[in-house]
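Please take a moment to look over the sequence and the model before reading on. The report below is written for someone meeting this structure for the first time.

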Amino acid sequence: MLRVPRVLKSTALGLALSGGTLVCAATPTIDCLYAADTANNNPTGCASDPEDVVDIPAVAAAIAAVGVKPSDIQFVGCHDAAFLTVPNLGHSGSRYRIVYPVDGNLPKTTLVAPLTHEIGHVLQLSLYGSREQLLQRYHGSIDRIELGADFIAGIIFRNFQHNDNIREFQNDLRLAGSYDLASANSHGTPEARIAAFRTGFFYDLRGQSLATAHDDFQGELYSIAAAAEHP
Ligand SMILES: [Zn+2]
């Protein structure tokens, strides 16, 4: 077991990108770190990777795809938590922390899609170093960061997890709870998120690195995906 809440609070200035925490990304505070549309602000029962997600082959494939080692990511599962990726500031060992919700009613395979999105954030953090630099790079646009992670998830689904079930991403994001696909908020509409994922899924990687593909997406492809918000 790992006593997480105190450690999590130490990362209040870290990256808070997922689920409802997006709202807080521009002004991170301790409260904001826990904020989410469907999760409470004080997740309980936190433990070090209670679902052993690091051993799920599709998760391992995603970690390898973004060029980090499994030991670079500390997975933490909590009751009522939102999905969240933060730099593991001041914490020796792993460089990133991914928090995920633990829900005994869902098969843990439903965690794969949202975790792949979070691992997309790990790629972004590995490229730009910190949440602040990431926001600076994208002119403070949370949408660019979020849709960029969905785009990377789409690439990983097809090219690294060899998953042809394109609808699984959408279904599992919804099942996992912290992504409310029925409502639009600051991280983009469901339509834009699915468009970004599909853009990644059908993207012709041609041996390019994910970093190059992510750069490519941030050009015209982003505009097309984001426009799905306003059909
Ligand atoms: Zn996210």
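What follows goes from the overall layout to the sheet, the core and the helix packing.

## Basis and overall layout

Residues are numbered from 1 along each chain as its sequence is written. The model is predicted, so local features are given at pLDDT of at least 70 and side-chain atom pairs only at pLDDT 80 or more, while totals for chains, interfaces and linings use all residues.

The chain has 9 helices and 4 strands, where helices (H or I, at least four residues) and strands (E, at least two) are DSSP runs numbered from the N terminus. Along the sequence these elements follow the pattern α-α-β-α-β-β-β-α-α-α-α-α-α. Of the 231 residues in the chain, 45% are buried; a residue counts as buried if 20 or more other C-beta atoms, placed from the backbone, lie within 10 Å of its own.

## The sheet

The strands form an open sheet of 4 strands in the order S1-S2-S4-S3, with mixed pairing, two strands being paired if DSSP finds at least two bridges between them. Strand S1 (44–48) and strand S3 (84–87) stand at the edges with a single partner strand each, so one side of each has no neighbour in the sheet. From one strand to the next the twist averages 20 degrees.

Strand S4 (residues 96–101) pairs with S3 in the antiparallel sense over 4 bridges, and with S2 in the parallel sense over 6 bridges. Tyrosine 96 in S4 is the bridge partner of proline 87 and also of isoleucine 73, while arginine 97 in S4 is the bridge partner of valine 86. In a regular strand the side chains alternate between the two faces of the sheet. In S4, Tyr96, Ile98 and Tyr100 point one way, Arg97, Val99 and Pro101 point the other way, and all are buried.

## The nonpolar core

The largest nonpolar core has 51 residues, and Val99, Tyr100 and Ile152 touch the most other members; such a core is a set of buried Ala, Val, Leu, Ile, Met, Phe, Trp, Tyr and Cys residues joined through C-beta atoms within 7 Å. Helix H6 (residues 142–159) gives the largest share of this core, 9 residues. Leaving aside residues up to four places away in sequence, tyrosine 100 touches Val53, Phe75, Gly77, Ala81, Phe83, Leu111 and Leu115, where contact requires C-beta atoms, placed from the backbone, within 7 Å.

Helix H4 (residues 112–128) lies across strand S2 (73–79), S3 and S4, and runs at about 160 degrees to S4. Axes are lines fitted to C-alpha atoms, for helices over the stretch in contact, and angles run from 0 to 180 degrees between N-to-C directions.

H4 packs against H6 at an angle of about 115 degrees, with the axes 8 Å apart, and the two helices are therefore roughly perpendicular to each other, a label used for angles of 65 to 115 degrees. Among the residues that meet there are His117, Gly120 and Leu123 in H4 and Ile145, Ile152 and Phe157 in H6.

Helix H3 (residues 57–65) packs against H4 at an angle of about 15 degrees, with the axes 10 Å apart, which makes H3 roughly parallel to H4, as angles under 35 degrees are classed. In this pairing Ala58, Val59, Ala62 and Ile63 in H3 meet Val112, Leu115, Thr116 and Ile119 in H4.

Note on methods: Two residues are in contact if their C-beta atoms, placed from the backbone, lie within 7 Å. A residue is buried if 20 or more other C-beta atoms lie within 10 Å of its own, exposed if 12 or fewer, and partly exposed in between; C-beta atoms are placed from the backbone. Angles under 35 degrees count as roughly parallel, over 145 as roughly antiparallel, 65 to 115 as roughly perpendicular and the rest as oblique.
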